[in-house]
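Biologist: I am new to this one and would like to know what stands behind each label. Could you walk me through the terms as we go?

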Amino acid sequence: SEGSESLLIVKTDKLKVKALIKLVKANHPYKTPEIISLRIKEGNRDYLGWIADSIGTPRKKQRVPKGKKA
């Protein structure tokens, strides 16, 4: 018999990924659940700041290309 699956997307930072993996594995019915981490290289600065604020991570200094003003 085939069961249905659901996709869960979690936004966190790299310092919290190991704890998240441990939590999912402890609560997931599969022996080997699919858990992957994708690094954000670029994005809407306001949105990335919102994620940082939401998970309690200090905002990183925003890099500005040389010769440009922030």
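This is a predicted model: local features need pLDDT of at least 70, side-chain atom pairs count only at pLDDT 80 or more; totals for chains, interfaces and linings use all residues.

Biologist: What makes Y47 and W50 a stacked aromatic pair?

Modeller: Rings of Phe, Tyr and Trp (its six-membered ring) pair if their centres lie within 6.5 Å, and planes under 30 degrees apart count as stacked, over 60 as edge-to-face and the rest as tilted. By this rule the count comes to 1 aromatic pair. Y47 and W50 have 5.7 Å centre to centre and 25° between the planes, and are stacked. Both residues lie in helix α2, 3 residues apart, about one turn of the helix.

Biologist: Why is W50 called partly exposed?

Modeller: Buried means under 20% relative accessible area, exposed over 50%, and partly exposed in between (1.4 Å probe, protein chains only). W50 has a relative accessible area of 47%, so W50 is partly exposed. Y47, at 36%, is partly exposed as well.

Biologist: Why does T57 count as buried?

Modeller: The relative accessible area of T57 is 17%, therefore T57 is buried. T57 is found in the segment after α2. Buried residues make up 10% of the 70 residues in the protein chain.

Biologist: How do you know that the side chains of T57 and D13 make a polar contact?

Modeller: A polar contact is a pair of N or O atoms within 3.5 Å; within protein, one must be able to donate a hydrogen and the other to accept it, and residues adjacent in sequence count only if both atoms are side-chain atoms. For the side chains of T57 and D13 the distance is 2.6 Å, and the contact is polar. Another polar contact, of 3.0 Å, joins the side chains of E5 and Y30.

Biologist: Is E5 buried or exposed?

Modeller: E5 has 63% relative accessibility, so E5 counts as exposed. E5 lies in the segment before α1.

Biologist: What lines the largest pocket?

Modeller: On a 1 Å grid over the protein atoms alone, a pocket is an open set of points where a 1.4 Å probe fits, with protein on both sides within 12 Å along at least five of seven lines; lining residues have an atom within 4 Å of a point. By that rule 47 residues line the largest pocket, and K11, T12, L38, R39 and I40 lie nearest its centre. The largest share of the lining, 7 residues, comes from α2.

Notes
Residues are numbered from 1 along each chain as its sequence is written. Side-chain values use heavy atoms; hydrogens and water are left out. Helices (H or I, at least four residues) and strands (E, at least two) are DSSP runs, numbered from the N terminus.
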